[in-house]
Amino acid sequence: MELANKSEEYLLDAWEAQRAIKNLMGKMSYNYIVKKFQEIFSGLWSSRADVCLGVNDGYYNGASAVAGYYDGLYELNALISKLMQKAIPSVLEDKTADEIYGTGTMDYKPVECELIEVAQDGGTAKGLWVLRGSHSQLTPAGPVGYWEWGWFAADFIKEDGKWKIWHLLYLDDVCGVCGTDWVTAPKDLPEMEVFEPIKGYKLPEPNVPVKLRELYSPMRCFTPPPRMPEPYESFSQTFSYGIAEGETENG
Amino acid sequence: MAESNINFTESELLERVWDKEKIKDIIYRRSYFISANRRREELSNLWVGEPRHLKSASYGNNIGYFVGIDEIHRHCAEYDEILYSRLKPYSDTRQEIDYDKANLGFGGMNIFSCNTPLVFVAENGMTAKLLVAQYGNHAVGAPDGTSEVFMTFGLVFADFVKEGNQWKIWHLIDVHDFSLPAGKDALDLPLRPGAEDDPIVAEYGTPTVSKEVYDTMFGWEYLYFDMPKEYYAYDERYGYGPNSNMGLKYFERPGGTRQ
């Protein structure tokens with residue numbers, strides 16, 4: 001940010017804006033841990049129609065698609081908990097669906113190494129973070145642990161005095177099974193009948209399928225991090241982390 | 001003395017708050033430049049540029065210091081040679097991969113991330129000191145589809161100096177602890193990994209001044225004395241350049257048990 005010759009009030013507002021954005025990303029990260037996915041969208045995302053979430057395999061473009069992604073994560077976790085209840089009846093069988101929600105897997109997405117630029121006009125901001133996480137997924141063989149390395153890059157917008165996520169890139173370089181070299185396919189584990197229903201569950205696909213990033217492999221071209229935010233006056237004068245111009249729902 | 005006990009005006013305190021934010025921004029931005037293999041841009045954008053600082057700028061690692069901005073650029077060239085040597089197996093066996101600068105880093109991955117910043121701005125406002133933990137991953141691939149992927153652990157110590165109204169990196173040390181190969185038992189690792197075991201060690205290069213800056217055998221307790229703390233003005237003995245106490249074991253420091 002360009003801060004030379006700015007008033008004390010401006011400097012304080014800019015510092016508060018950075019702090020609020022750090023808190024926003026922190027809340028998002030902690031909501032992943034406690035699996036409050038629907039609260040990520042309803043509480044942290046902008047109410048604009050042109051919100052956009054980009055992942056390795058494409059964009060969830062528009063409010064309905066982004067909300068659908070987080071709804072899908074909620075439904076997946078509800079299914080996981082139900083299957084865990086069947087797998088461990090001695091501990092879980094007398095509990096309600098609400099009481100067991102979240103059982104079985106974990107999802108840590110700590111964010112660090114932040115670069116935050118607040119626009120000179122104070123209406124928008126951009127940020128880039130390293131994601132250094134770990135999570136477990138339920139497979140037909142039971143829960144399996146993963147290391148996750150990637151990036152969050154976001155445009156933020158101020159609405160009614162509060163900062164909200166406008167466009168978000170959530171891109172992985174590594175999603176490797178713990179105990180492996182991260183590039184060799186892990187050996188098949190024996191499946192358990194109680195977990196078979198997980199095979200049938202698929203998260204909603206991006207409604208704009210386009211390869212935004214390949215996971216690391218020894219045959220991947222060198223792939224740098226997402227573009228760093230740079231100081232800017234107003235949003236029209238900077239680049240967007242949202243869907244690129246010319247990309248449509250038909251790809 | 002705690003910063004709050006010093007008679008800064010409110011305006012000065014606000015300026016110092018932003019000084020710390022700008023310094024953190026620089027070290028985080030450095031991480032992204034390094035992760036993107038844009039080391040020369042890292043130097044031109046983030047490091048000192050005024051003639052009075054160029055000769056005393058230094059970049060250090062476990063085995064010594066590159067002293068002067070030209071020497072740090074030489075280290076960038078050494079690193080490029082390593083990338084070319086890692087590209088060669090690909091271009092020798094795969095027609096579609098040219099032995100060309102555009103393909104440097106093919107099959108590799110570098111993520112250097114910083115966290116847990118400790119920042120102190122000198123009371124006189126002209127310099128600053130920083131310590132961050134640096135975690136990363138580092139991969140070197142091969143055309144047969146295999147790869148050696150490592151999680152890396154270390155620290156970054158840095159002196160910053162003000163040039164005009166901009167903060168710039170003046171001295172920086174990448175302290176490397178170890179690289180942990182993904183999927184392998186840590187107990188199987190060599191006690192003292194060499195360049196053949198650890199890609200970060202392979203990238204140390206040939207420093208201008210050889211010096212034991214960090215000995216992984218003794219861990220971090222020797223670095224306690226080098227942690228940034230509140231200070232009035234820069235003193236090279238307590239900074240992070242080649243003439244500092246950095247790396248001296250506590251019993252070798254002035255006043256230590258072996259003095």
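Start in chain A and select helix 2 (residues 37-44) and helix 3 (residues 63-87): their axes come within 7 Å and cross at roughly 155 degrees. The axes are lines fitted to C-alpha atoms, for helices over the stretch in contact, and angles run from 0 to 180 degrees between N-to-C directions. Helices (H or I, at least four residues) and strands (E, at least two) are DSSP runs, numbered from the N terminus. Helix 2 and helix 3 of chain A are therefore roughly antiparallel to each other (angles over 145 degrees count as such).

This is a predicted model, in which local features need pLDDT of at least 70 and side-chain atom pairs count only at pLDDT 80 or more, while totals for chains, interfaces and linings use all residues. Residues are numbered from 1 along each chain as its sequence is written, chains are lettered from A and ligands numbered from 1 in the order in which they are written, and side-chain values use heavy atoms, without hydrogens and water.

Next, show the side chains between the two helices. From helix 2 of chain A, A:Phe37, A:Gln38, A:Ile40 and A:Phe41 meet residues of helix 3 of chain A, including A:Val66, A:Tyr70, A:Leu73 and A:Asn77; contact means heavy atoms within 4.5 Å.

Stay in chain A and select A:Phe41, A:Trp45, A:Tyr60, A:Tyr69 and A:Tyr70, which form one aromatic cluster. Rings of Phe, Tyr and Trp (its six-membered ring) pair if their centres lie within 6.5 Å; planes under 30 degrees apart count as stacked, over 60 as edge-to-face and the rest as tilted. Over all chains, a search of the whole structure finds 19 aromatic pairs. In one of them, the rings of A:Tyr69 and A:Tyr70 have centres 5.1 Å apart and planes at 75 degrees, so the pair is edge-to-face. Both A:Tyr69 and A:Tyr70 are buried (under 20% relative accessible area, 1.4 Å probe, protein chains only).

Move to chain B and select B:Tyr90 and B:Phe106, an edge-to-face pair with 4.9 Å centre to centre and 65 degrees between the planes. B:Tyr90 lies in helix 4 of chain B and B:Phe106 in the loop between helix 4 and strand 3, so the pair ties together parts that are 16 residues apart in sequence.

Finally, colour the strands of chain B. Seven of them form an open sheet with mixed pairing, in the order 3-4-5-6-1-2-7; strands pair if DSSP finds at least two bridges between them. Strand 3 (108-121) and strand 7 (209-210) of chain B stand at the edges, each with a single partner strand, so one side of each is left without a neighbour in the sheet.

Conventions. Parallel < 35°, antiparallel > 145°, perpendicular 65-115°, else oblique. Buried < 20%, exposed > 50% of the residue type's maximum accessible area, 1.4 Å probe, protein only.
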